[in-house]
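Grab a pencil and work through these exercises one by one. Try each task yourself before you read the solution.

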Amino acid sequence: MAIDPVCKMEVDEKRSKFRSEYEGRNYYFCSEECKQEFEEDPEEYVV
Ligand SMILES: [Zn+2]
């Protein structure tokens, strides 16, 4: 399981349609909304 970095929800990376790549790493999201939020300001969510 991956963790949605925006809302901290668990996301199944094999099923998630909402994926974003940032600095060579993949991030998965529960919704389009979270994905957009992340892409607007990835630095805020990347650990
Ligand atoms: Zn989310």
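**Exercise 1.** Is Asp4 buried or exposed?

*Solution.* Keep in mind that this is a predicted model. Step one: look up the relative accessibility of Asp4, which is 0%. Step two: compare that with the cut-off, as buried means under 20%. Asp4 therefore counts as buried.

**Exercise 2.** Work out which atoms coordinate the zinc ion, and what arrangement they make.

*Solution.* Start with the donors: Asp4 gives an OD atom, while Cys7, Cys30 and Cys34 each give an SG atom. They sit at 2.0 to 2.3 Å from the zinc ion. Along the chain, the donors follow the spacing D-x2-C-x22-C-x3-C. Now check the angles: the four donor atoms subtend 100 to 121° around the zinc ion, so the arrangement is tetrahedral. For reference, the ideal angle for four tetrahedral donors is 109.5 degrees.

**Exercise 3.** Describe how the chain is built up along its sequence.

*Solution.* First count the elements: the protein chain has one helix and four strands. Then read them in order, and you get β-β-β-β-α. For the overall dimensions, the C-alpha trace spans about 25 × 20 × 15 Å along its principal axes. Finally, of the 47 residues, 34% count as buried.

**Exercise 4.** Find the salt bridge, and explain how its two partners are placed in the helix.

*Solution.* A search of the whole structure turns up one salt bridge. Its partners are Lys35 and Glu39, with the closest N and O atoms 3.5 Å apart. Next, look at where they sit: both belong to helix 1 (residues 32-40), and because they are four residues apart there, about one helical turn separates them. Now compare their surroundings. Lys35 has a relative accessible area of 17%, so Lys35 is buried. Glu39, at 41%, counts as partly exposed.

**Exercise 5.** Glu39 has a polar contact with the side chain of a serine; which serine is it, and where does that residue lie?

*Solution.* The serine is Ser20, whose side chain makes a polar contact with the side chain of Glu39 at 3.0 Å. Ser20 lies in strand 3 (residues 18-22). With a relative accessible area of 6%, Ser20 is buried. Setting aside neighbours within four places in sequence, Ser20 also has Lys35 and Phe38 among its contacts.

**Exercise 6.** List the residues of the largest nonpolar core, then say which elements give two or more of them.

*Solution.* The core has seven residues: Phe18, Tyr22, Tyr27, Phe29, Cys34, Phe38 and Tyr45. Strand 3, strand 4 (25-29) and helix 1 are the elements that give two or more residues to this core. Here's a general idea to go with it: in soluble globular proteins, nonpolar side chains tend to be buried together. Zooming in on Tyr27, and leaving aside neighbours within four places in sequence, its contacts include Phe18, Tyr22 and Phe38.

**Exercise 7.** Where in the chain is Pro5, and what does Pro5 touch?

*Solution.* Pro5 is in the loop between strand 1 (2-3) and strand 2 (10-11). Its relative accessibility is 7%, so Pro5 counts as buried. Not counting residues up to four places away in sequence, Pro5 touches Tyr27, Tyr28, Phe29, Phe38 and Tyr45.

Note on methods
Residues numbered from 1 in each chain as written. Predicted model: local features only at pLDDT ≥ 70, side-chain atom pairs only at ≥ 80, totals over all residues. Heavy atoms only, no water. Donors = N, O, S within 2.8 Å, 3.2 Å for Na, K, Ca; no water. Tetrahedral: all angles 85-135°; square planar, octahedral: opposite > 155°, others 65-115°. Buried < 20%, exposed > 50% of the residue type's maximum accessible area, 1.4 Å probe, protein only. Salt bridge = Lys/Arg side-chain N within 4 Å of Asp/Glu carboxyl O. Polar contact = N/O pair within 3.5 Å; in protein donor to acceptor, adjacent residues only side chain to side chain. Contact = heavy atoms within 4.5 Å. Core = buried A, V, L, I, M, F, W, Y, C linked by side-chain atoms within 4.5 Å.
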